[in-house]
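The sequence and structure come first, and the points follow by topic.

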Amino acid sequence: LTTAALFAGFYSIVAAMKGLFDVAAIAIFIAMIADSLDGRVARMTNTQSLFGAQYDSLSDMVSFGIAPALVLYSWSLSYLGKLGWLASFLFVAAAALRLARFNTQSHDKRYFQGLPSTSAAGFMASIVWVVSYYEVPGYEVAPFVMLIAIIVAALMVSMIRYHSFKAIDLRGRVPFMTAVIAVLLLTALAWYPPEILFIAFCIYVMSGPIVTLRQIRKMRKLRHSHSAKSSYNNMNTT
């Protein structure tokens, strides 16, 4: 499965070189599916190893760092000259830093620190797919794509927390409404895949800053309440 993800990432680069940008975007999504399955299968079959973890990280670097950056450059950013390839490099460097930090730090199962490289690649691939689907030339949206690539690169190396969804227990019973919502989402995805994927990744990318701002506000409220209580207690003792 890790090799399948690596193959899909490499094929995405080849498709972009041939001008098949929608196919290149789809290949990145296929790499995401294979990458999400390899760890689960390793845990289910009890075949986890240090070699597998390192191989998975190298595969992620190709499929979710180099591949989306080259697809963006071939499709749109090449029209901006030096600024275009510098923006592509920033995306690659941010993905490498994000993966290195993930491999060396302890993890909270509920949250990721920084935007995951897989989600960043999926978001950029969804942009390529939806714009290509509506037959908009890449050079018309090149400045917008460059700005988005820089913002996504900054989110990858930031301290902003994103939900990991690893705490969800799929082995237990699933509520009926959850099953209904899943069916509706799958139906919408099958009917309008570029638009639904673009909307889904937009929501996830924006969820990190929103969750972080809420947590900062909660911390400030707690500090204000603690300081108010301490000052009130000091006045009573006086």
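A residue counts as buried under 20% relative accessible area and as exposed over 50%, with partly exposed in between. The model discussed here is predicted. Glu-135 has a relative accessible area of 71%, so Glu-135 is exposed. In the chain as a whole, buried residues make up 39% of the 238 residues.

**Overall fold**

- The chain contains eight helices and two strands.
- Read from the N terminus, the order of elements is α-α-α-α-β-α-α-β-α-α.
- Of the contacts between residues at least 6 apart in sequence, 82% join residues at least 24 apart.
- The chain has an accessible surface of about 14900 Å², and carbon and sulfur atoms account for 69% of that surface.

**Nonpolar core**

- The largest nonpolar core consists of 53 residues.
- Within this core, the residues with the most contacts are Leu-72, Trp-75, Leu-115, Phe-123, Met-124, Val-152 and Tyr-162.
- Two or more core residues come from each of α1 (2-17), α2 (21-45), α3 (50-75), α4 (82-104), α5 (117-133), α6 (142-156) and α8 (193-237).
- The element that gives the most to this core is α5, with 10 residues.
- Leaving aside residues up to four places away in sequence, Tyr-162 touches Arg-110, Tyr-111, Phe-112, Gly-114, Leu-115 and Pro-116, as well as Leu-155.

**Packing of α5 on α6**

- The axes of α5 and α6 lie 10 Å apart, at an angle of about 170 degrees.
- Angles over 145 degrees count as roughly antiparallel, and α5 and α6 are therefore roughly antiparallel to each other.
- On the α5 side, the contact is made by Ser-117, Ala-120, Phe-123, Met-124 and Ile-127.
- These residues meet Val-145, Ile-148, Ala-149, Val-152 and Met-156 in α6.
- Sorted by class, the contact of α5 with α6 has nine nonpolar residues, one polar residue and no charged residues.
- Phe-123 and Met-124 of α5 and Val-152 of α6 take part in this contact, and these three are also among the residues with the most contacts inside the largest nonpolar core.

**Loop between α5 and α6**

- Glu-135 is located in the loop that lies between α5 and α6.
- Although Glu-135 is not a glycine, its phi is positive, at about 60 degrees.

Methods: Residues are numbered from 1 along each chain as its sequence is written. This is a predicted model: local features need pLDDT of at least 70, side-chain atom pairs count only at pLDDT 80 or more; totals for chains, interfaces and linings use all residues. Side-chain values use heavy atoms; hydrogens and water are left out. A nonpolar core is a set of buried Ala, Val, Leu, Ile, Met, Phe, Trp, Tyr and Cys residues joined through side-chain atoms within 4.5 Å. Buried means under 20% relative accessible area, exposed over 50%, partly exposed in between (1.4 Å probe, protein chains only). Helices (H or I, at least four residues) and strands (E, at least two) are DSSP runs, numbered from the N terminus. Contact means heavy atoms within 4.5 Å. Accessible areas come from the Shrake-Rupley method with a 1.4 Å probe; for residues, only the protein chains shown count as cover. Axes are lines fitted to C-alpha atoms, for helices over the stretch in contact, and angles run from 0 to 180 degrees between N-to-C directions. Angles under 35 degrees count as roughly parallel, over 145 as roughly antiparallel, 65 to 115 as roughly perpendicular and the rest as oblique. Ala, Val, Leu, Ile, Met, Phe, Trp, Tyr, Cys and Pro count as nonpolar, Asp, Glu, Lys and Arg as charged, and the others, Gly among them, as polar.
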